[in-house]
Amino acid sequence: MMGRVTLMKAIISINSKDFLYCDTDSIIFKGDKMPDVTIGKKLGDWSIEQKGIDVNIVGAKTYQELVTNEKGEKECITKCGGLPRVVKDKLEWLQLKDGM
């Protein structure tokens, strides 16, 4: 329950117009204002996985992130609950759509 409380506090702490998506343990938002959570490595702390990404949100547990990797190349990461990894890895940016 504490995880959900922390998640909701984080969402409330940013501008509601900047909130895009959340899951059990993460939020996706736009803008520069960081959520009011502890960023760190300790148990219960949050981490920043990506910054400055493009996102294609289709639905719950179904979205894509277009990120810049270490080589400076754009890379598409597809997250879709229940979809096999071998299929997810073949999807290109914006190919993930409602009803696939």
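This is a predicted model: local features need pLDDT of at least 70, side-chain atom pairs count only at pLDDT 80 or more; totals for chains, interfaces and linings use all residues.
Where is Leu94 found? Leu94 sits in the segment after α2 (85–88).

Residues are numbered from 1 along each chain as its sequence is written, and side-chain values use heavy atoms, with hydrogens and water left out.

Overall picture, then. We've got two helices and five strands in the chain, and from the N terminus on the order goes α-β-β-β-β-β-α. When I say helix I mean a DSSP run of H or I with at least four residues, and a strand is a run of E with at least two, numbered from the N terminus. The C-alpha trace spans about 35 × 30 × 30 Å along its principal axes.

Of the 100 residues in the chain, buried ones make up 26%. For the cut-offs: buried is under 20% relative accessible area, exposed is over 50%, and partly exposed is in between, with a 1.4 Å probe and protein chains only. The chain exposes about 7,600 Å², and carbon and sulfur atoms supply 52% of that. Those areas come from Shrake-Rupley with a 1.4 Å probe, and for residues only the protein chains shown count as cover.

On contacts, meaning heavy atoms within 4.5 Å: take those in the chain with a separation of 6 or more, and residues 24 or more positions apart account for 30% of them.

Charges: there are 16 positive and 15 negative side chains, and the centres of the two sets lie 3 Å apart. Lys and Arg are the positives, Asp and Glu the negatives, with His and the chain ends not counted. Each charge is placed at NZ of Lys, CZ of Arg, CG of Asp or CD of Glu.

Tyr21 is in strand β1 (residues 19–23), and it counts as buried because its relative accessibility is 8%. What does Tyr21 touch, leaving out residues up to four places away in sequence? The list is Ser26, Ile27, Ile28, Ile57, Gly59, Ala60, Lys61, Thr62 and Tyr63. By contrast, look along the chain to Asp32: 11 residues apart from Tyr21, with 16 Å between the C-alpha atoms.

How many aromatic pairs does a search of the whole structure find? One. That pair is Tyr21 with Tyr63, and it's tilted, at 4.9 Å centre to centre with 55° between the planes. It links distant parts of the chain, since Tyr21 is in strand β1 and Tyr63 in strand β4 (residues 62–68), 42 residues apart. Both Tyr21 and Tyr63 are buried. The rule here is that rings of Phe, Tyr and Trp (its six-membered ring) pair if their centres lie within 6.5 Å, with planes under 30 degrees apart called stacked, over 60 edge-to-face, and the rest tilted.

Tyr21 has a polar neighbour too: a polar atom of its side chain lies 2.7 Å from the backbone nitrogen of Lys61. Lys61 itself is in the loop between β3 (54–59) and β4, and its phi is near 55°, a positive value in a residue other than glycine. Lys61 counts as partly exposed because its relative accessibility is 44%.

Let me jump to a few other spots. Ser13 belongs to helix α1 (residues 2–13), and at 17% relative accessibility it counts as buried. Skipping residues up to four places away in sequence, Ser13 touches Lys33, Pro35 and Asp36.

Then there's the loop between β2 and β3, where you'll find Ile53. Ile53 counts as partly exposed, at 25% relative accessibility. From Ile53 to Thr24 is 29 residues in sequence and 20 Å in space, C-alpha to C-alpha.

Gly44 lies in the loop between β2 (26–29) and β3. Gly44 is exposed, with a relative accessible area of 60%. Gly44 and Asp98 are 54 residues apart in sequence, and their C-alpha atoms are 33 Å apart.

And back to Leu94, as promised. Phi of Leu94 is near 70°, again a positive value in a residue other than glycine. Is Leu94 buried, exposed or partly exposed? Partly exposed, because its relative accessible area is 44%.

How values were computed: A polar contact is a pair of N or O atoms within 3.5 Å; within protein, one must be able to donate a hydrogen and the other to accept it, and residues adjacent in sequence count only if both atoms are side-chain atoms.
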